[in-house]
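Subject: Structure handover

Hi,

Here is the structure I promised to pass on. Please open it alongside this email as you read.

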Amino acid sequence: MLKKEQRRIEEIVWQELFSFLKNGEYLREEFLNNEKFLRRKIKIVLKRKEFVFPKNLEKQIIENVINRIKGLGPLENLLRDETVTEIMVNGHRNIFVERNGLLEKVDCSFSSEEDLLNVINRIVSKVGRRVDESSPMVDARLEDGSRVNAIIPPLSLKGATLTIRKFNRRSFDLKRLVELGSLSAEMKLFLEKSVREKKNLLIAGGTGSGKTSLLNALAKVVSQRERIITIEDSAELQLDHPNLVSLESRPRNTEGKGEVTIRDLLKNSLRMRPDRIIVGEVRGGEALDMLQAMNTGHQGSLTTIHANSPLESLLRLETMVLMADLELPLTVVRRQILEAMDIIVQLRREANGQRKIVAVSQLQKSANGLAEEPQYILQNIFEN
């Protein structure tokens, strides 16, 4: 059967079922979550309409309709597909996925823009957020930890846009990353030594370059006798550690209250007796608090940053510290960075989708840091 005809049948069944549920006052969680009840009603509609289609398609049609009622519609199968790492919906007709680092369009779609908006609202309402014309952008998270971003008209000109970065249930260690070709055995030994010696590490790279995966792998090297505090916007790190505290920021609610930022969590973490502070990503003024923590006895801290080279990562870090609104002179900011940072690891996603370390650089510690115009001196330990 042609996909177009299958979608037509699913749309008719959906309309009939929704009308029945609405008229019978069945649009309540107790009924919508009762899969047995829904399957029975769908089969009644299929039988009454006398559709002609291969028997093996009945199960698929029923599943798709149920997914549309209680799940995420056409995205359900993509979320179950372990080869898919990211899902991008560009309006209700176009859905793309990332597999093995490469993008491809998939042969599925939402039936209408309204259908897509319903799914977006279903996602964000579960985490106490909303999206509408007055607030057309939102970040959220699925129950499995997958990160979600949605932006709707009038900001998105060609229909609602939904992006889901799937939560990776597989947690890689450095040995596995060597096997995947992300780094060499020599790099692995050097990075393990740096973590054990409590060097402060900054992991840099572009979007989807593997920063979080490497951060997770490096964190696994930390001794079981140390206390780790992780701070993230959306909890992604998967650490099996006996003395671990995981903190997650919180956006403001619909009334504009209740926000807890990465910076707030960083300040609080200093009162929690951490041996290591791991920040999922620095993006703003929290960079200053992180540097101060590194410079006041919390060595061995780890974080990531969006940047295309080791030097650029340090310059971006400067900009973020200046975003803290303390009007610090640039020379003071630079000295803070020179004293705090030890190792910069640069990642890149290649054209074939592979993520790999392209440089490991050491920030030189010298009298230069006390000069009137301190400069960054980077020594490349490894370079690809």
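Below is what I found, starting with the whole chain and moving to single elements.

Please note that this is a predicted model.

Overall picture

The chain has 384 residues, and 46% of them are buried. It contains 13 helices and 14 strands. Along the principal axes, the C-alpha atoms fill a box of roughly 85 × 45 × 40 Å. Take the contacts in the chain with a separation of 6 or more: 56% of them come from residues 24 or more positions apart.

Helices H10 and H11

Start with helix H10, residues 262-269. The axes of H10 and H11 come within 8 Å and cross at roughly 20 degrees. Angles under 35 degrees count as roughly parallel, so these two helices are roughly parallel to each other. Their crossing is left-handed. H10 brings Ile262, Arg263, Leu266 and Lys267 to the contact. H11 brings Glu286, Leu288, Asp289 and Met290. By type, the residues of this contact are four nonpolar, four charged and no polar.

Helix H13

H11 also turns up in the packing of H13. Helix H13 covers residues 330-340. Its buried residues are Val333, Arg334, Ile337, Leu338 and Ala340. Note that Arg334 is on that list. What do these buried residues pack against? They meet three elements: helix H11 (286-294), helix H12 (310-322) and strand S13 (355-363). An α-helix has 3.6 residues a turn, so residues three or four places apart point the same way.

The aromatic pair

A search of the whole structure finds one aromatic pair. Phe190 and Phe382 form it, edge-to-face. Their rings are 5.8 Å apart, centre to centre, with 70 degrees between the planes. Phe190 lies in helix H8 (residues 185-196), and Phe382 lies in strand S14 (residues 378-383). The pair therefore ties together parts that are 192 residues apart in sequence.

Ile12

Ile12 sits in helix H1, residues 3-23. Is Ile12 buried or partly exposed? Buried means under 20% relative accessible area. Ile12 has 25%, so it is partly exposed. Leaving out residues up to four places away in sequence, Ile12 touches Lys49 and Phe51. Ile87 is 75 residues from Ile12 along the chain, and their C-alpha atoms are separated by 27 Å.

Best wishes

Note on methods
Residues are numbered from 1 along each chain as its sequence is written. This is a predicted model: local features need pLDDT of at least 70, side-chain atom pairs count only at pLDDT 80 or more; totals for chains, interfaces and linings use all residues. Side-chain values use heavy atoms; hydrogens and water are left out. Buried means under 20% relative accessible area, exposed over 50%, partly exposed in between (1.4 Å probe, protein chains only). Helices (H or I, at least four residues) and strands (E, at least two) are DSSP runs, numbered from the N terminus. Contact means heavy atoms within 4.5 Å. Axes are lines fitted to C-alpha atoms, for helices over the stretch in contact, and angles run from 0 to 180 degrees between N-to-C directions. Angles under 35 degrees count as roughly parallel, over 145 as roughly antiparallel, 65 to 115 as roughly perpendicular and the rest as oblique. A crossing is left-handed if the near helix is turned anticlockwise from the far one by less than a right angle, and right-handed if clockwise. Ala, Val, Leu, Ile, Met, Phe, Trp, Tyr, Cys and Pro count as nonpolar, Asp, Glu, Lys and Arg as charged, and the others, Gly among them, as polar. Rings of Phe, Tyr and Trp (its six-membered ring) pair if their centres lie within 6.5 Å; planes under 30 degrees apart count as stacked, over 60 as edge-to-face and the rest as tilted.
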